[in-house]
Amino acid sequence: MNPDTLWYKNAIFYEVHLRSFCDSNGDGKGDLPGLISKLDYLQELGVDCIWLLPMFPSPLKDDGYDIADYYNIHPDYGTVDDFRTLVAEAHARGIRVIADLVLNHTSDQHPWFVQARQSRDNPYRDYYVWSDTDQKYRDARIIFLDTEPSNWTYDAATGQYYWHRFYASQPDLNYDNPAVAEEMINVLRFWMDMGIDGFRADAVPYLFEREGTNCENLPETHAYLKRVRRVLDEEYPGAILLGEANQWPWDLRPYFGGDENNPAVPGDEFHMAFHFPVMPRIFKALKLEDVSDILEIMARTPDIPFNCQWCVFLRNHDELTLEMVTEEDRQLMWQLYAPDPRMRLNLGIRRRLAPLLDNDRRKIEVANSILFTLPGAPIIYYGDEIGMGDNIWLFDRNGVRTPMQWTAGPGAGFSQADPADFWVPLIDDPTYGYQKVNVAAQMADPQSLWHTIRQMVAVRKANPVLGWGNCQFLPAGSRAVLALLRQGQEAAVLALHNLSGTAQTAVLPLESFAGAQPVDLLGRADPLPPVGTEPYRVNLRPYDYLWLKL
Ligand code: GLC
């Protein structure tokens, strides 16, 4: 790969759920050779980096986030050699690969935990967090609210409770034990030595526990993550850590490290972190036709070091989380986006992008346009580039993890197996079924959503100011219009979004660009006059969006 160590600043990420992407051996489960066979597709879409969900041996109680062996590949997915081939084949196409690094917990089937629960004096006992009572750390919230009554589970054989922030089948590792801290760095080295380009680090706020705190974002956690970063920088320069910390922007800021008062000081913790709070606000803004909440959260988003980047997303493999909104807004979002109680899960909504947005092409496009122009690197969740649907009746979050719809043919081109044997059923309804929504049909149709997304990817990459530039939100004379000015030393792009179902006229203070002739990067606008000294007026159709180079 090219040696650019800041490659992630303007990269397009693509999240792959291996089990649902492509099945090469007809067992109804996606696998590594299947993904390899689809790399040309990802190259054609234009993505720069694949994020692979956990691919390790696991009893799959949490779809692989419950790891039973950190040093191997789940047999359903193939072998370590297949993984090496994947990395080589991806790199040959200019695509990087990051893997999930699940530091916080293992599966209860992991040999460490199997040992640990054998007796209180087992050498592995201290790999996990034990207590005589379930009354410790009472200020720590429960995350999987729908299923877990407590963060403690009683182990009858040894008469103590063990600590877990997620399912009871996912005991938390004890980072106060130096052996654990060291071992997880060995895990990182093992996968880095296969040539990958970094990790998406799972559930990082919860590594340490301390009485009297909510056990999130503790100084000890940051110290450990900085240590992990040093290993990467020293041994694998150019590799990244993308942190999953579902937190407020001001609590996220420390995850980048560096100096909070000076973005010129390089970050020394995560290269990237997901911007969780902006996501639900995009959906809220679209329903209320009012961009205020987006502006408010972005105004409260601190500057980050120059060598860091936000990662923005509309949807992912989890429920659309409503953890980072007020209780009032959560109720509102549930009302607006999850009218059927079955659509709700924990503090979120188990639906995909297209159904959330009424399968309205205009809303799906404008939401993506925001994604591609906000500060940060965008992530596309597999299937959202074709507007796949969901199945809220499946277990847990599986309804947003259904097989990728490649063709209208048998098994949707996902697998040769009998569809009845697929690990979860295909989407097969009149609106979102694979007969109608599939990659082949959309690639063949120049007007399809796929081509629109592909164009956004290409235009974004051709205009690095969208990755590197600073961002200013301009007043646009309408509450329904989001106007972002992305500006760097050599270029400026103004992105306009009409989040309402009625036409709007944006009135913009562009005096400092007087004389400029805006260039319509996506080829969507009516002819535009040059910018003058008067406020600049742009007409926007319902749910319209424009990227104007100034
Ligand atoms: C992260 C993952 C989620 C998983 C949890 C526990 O939030 O995104 O899918 O269940 O961590 O590992």
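Biologist: Which residues touch the most other members of the largest nonpolar core?

Modeller: The model is predicted; local features need pLDDT of at least 70, side-chain atom pairs count only at pLDDT 80 or more, and totals for chains, interfaces and linings use all residues. Residues are numbered from 1 along each chain as its sequence is written, and side-chain values use heavy atoms, with hydrogens and water left out. A nonpolar core is a set of buried Ala, Val, Leu, Ile, Met, Phe, Trp, Tyr and Cys residues joined through side-chain atoms within 4.5 Å, where buried means under 20% relative accessible area with a 1.4 Å probe, protein chains only. In the largest core, of 163 residues, the members that touch the most others are Phe13, Tyr14, Phe83 and Trp547.

Biologist: Which helix gives the most to this core?

Modeller: Helices are DSSP runs of H or I with at least four residues, numbered from the N terminus. The greatest contribution to the core is eight residues, and it comes from residues 178-192, helix H6.

Biologist: What does phenylalanine 83 touch, not counting residues up to four places away in sequence?

Modeller: Contact means heavy atoms within 4.5 Å. With those sequence neighbours left out, the partners of phenylalanine 83 are Leu32, Leu52, Met55, Ile73, Trp191, Met194 and Ile196.

Biologist: What percentage of the residues of the protein count as buried?

Modeller: The count is taken over the 550 residues of the protein. The buried share is 62%.

Terms used:
Buried < 20%, exposed > 50% of the residue type's maximum accessible area, 1.4 Å probe, protein only. Helix = DSSP H or I, 4+ residues; strand = E, 2+ residues; numbered from the N terminus.
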